[in-house]
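The entries below follow the order in which I checked them.

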Amino acid sequence: MSDLIKINGVKGFGHHGVLPSERENGQEFIVDILIDTDFSKLNDEILNAVDYSKVVEIVKLEIESNPVNLIETLARRIANTILF
């Protein structure tokens with residue numbers, strides 16, 4: 001069984017893109033996160049819960065640091081940081 005956690009509208013200001021103006025001026029990025037998990041084996045312990053504030057913190061940090069050319073690269077970096 002699969003359960004979904006949605007976190008919508010995480011905002012951060014970054015300097016990603018291939019155009020010089022994107023790198024120089026930056027822009028606001030808005031990220032929606034969808035986490036696919038399984039709640040069937042969870043009990044009521046906080047240690048087993050997803051820390052939503054940490055996920056938001058990670059997303060904002062990744063948006064606001066280390067500019068990349070492609071939005072796909074940023075998305076992959078966000079996913080890898082959250083998952084690992």
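What follows are my notes on the salt bridges, a buried histidine, the core and the pocket.

**Entry 1: ground rules.** I am working with a predicted model, in which local features need pLDDT of at least 70, side-chain atom pairs count only at pLDDT 80 or more, and totals for chains, interfaces and linings use all residues. Residues are numbered from 1 along each chain as its sequence is written, and side-chain values use heavy atoms, with hydrogens and water left out.

**Entry 2: salt bridges.** I began with charge. Side chains of opposite charge can pair when their charged atoms come close. My criterion was a side-chain nitrogen of Lys or Arg within 4 Å of a carboxyl oxygen of Asp or Glu. How many salt bridges does this rule give? The count is three.

I looked at lysine 54 and glutamate 57. Their closest N and O atoms are 3.3 Å apart. Both residues sit in helix H2, three residues apart, about one turn of the helix. Helices here are DSSP runs of H or I with at least four residues, strands are runs of E with at least two, and both are numbered from the N terminus.

For accessibility I used these classes: buried is under 20% relative accessible area, exposed is over 50%, and partly exposed is in between (1.4 Å probe, protein chains only). Lysine 54 has 40% relative accessibility, so I noted it as partly exposed. Glutamate 57 is partly exposed too, at 48%.

Next came lysine 60 and glutamate 64. This salt bridge has its closest N and O atoms 3.7 Å apart. The two residues are separated by about one helical turn because they are four residues apart in helix H2. Lysine 60 is partly exposed at 32%. Glutamate 64 is partly exposed at 46%.

Then I turned to glutamate 62 and arginine 77. Their side chains meet in a salt bridge at 2.5 Å, N to O. Glutamate 62 lies in helix H2 and arginine 77 in helix H3, so the pair ties together parts 15 residues apart in sequence. Are these two residues buried or exposed? Both are buried.

**Entry 3: around arginine 77.** I stayed with this residue. Helix H3 spans residues 71–83 and holds arginine 77. The relative accessibility of arginine 77 is 19%, which means that it counts as buried. I took contact to mean heavy atoms within 4.5 Å. Leaving aside neighbours within four places in sequence, arginine 77 is in contact with His16, Glu62, Ser65, Asn66 and Val68. I also took one C-alpha distance: arginine 77 to isoleucine 63 is 9.6 Å, at 14 residues apart in sequence.

**Entry 4: histidine 16.** His16 was on that contact list, and I followed it up. Where is histidine 16? It is in the loop between S1 and helix H1 (20–25). Histidine 16 has a relative accessible area of 3%, so it is buried. I checked its polar contacts, meaning N or O atom pairs within 3.5 Å; within protein, one must be able to donate a hydrogen and the other to accept it, and residues adjacent in sequence count only if both atoms are side-chain atoms. A polar atom of the histidine 16 side chain lies 2.7 Å from the backbone oxygen of isoleucine 63. Beyond four places in sequence, the contacts of histidine 16 include Phe29, Glu62, Leu74 and Arg77.

**Entry 5: the nonpolar core.** I defined a core as buried Ala, Val, Leu, Ile, Met, Phe, Trp, Tyr and Cys residues joined through side-chain atoms within 4.5 Å. The largest one has 13 residues, and Ile7, Val31, Ile33, Val55 and Val59 touch the most other members. Strand S1 (3–14), strand S2 (27–37), helix H2 (52–64) and H3 each give two or more residues to this core. S2 gives the largest share, four residues. A pocket here is an open set of points on a 1 Å grid over the protein atoms alone, where a 1.4 Å probe fits, with protein on both sides within 12 Å along at least five of seven lines; lining residues have an atom within 4 Å of a point. The largest pocket holds about 310 Å³. Of its 14 lining residues, Ile33, Ile35, Ala79, Ile82 and Leu83 are closest to its centre. S2 supplies the largest share of the lining, six residues.

Conventions: Grid points are joined across faces, edges and corners, and a volume is the space filled by probe spheres set on the points.
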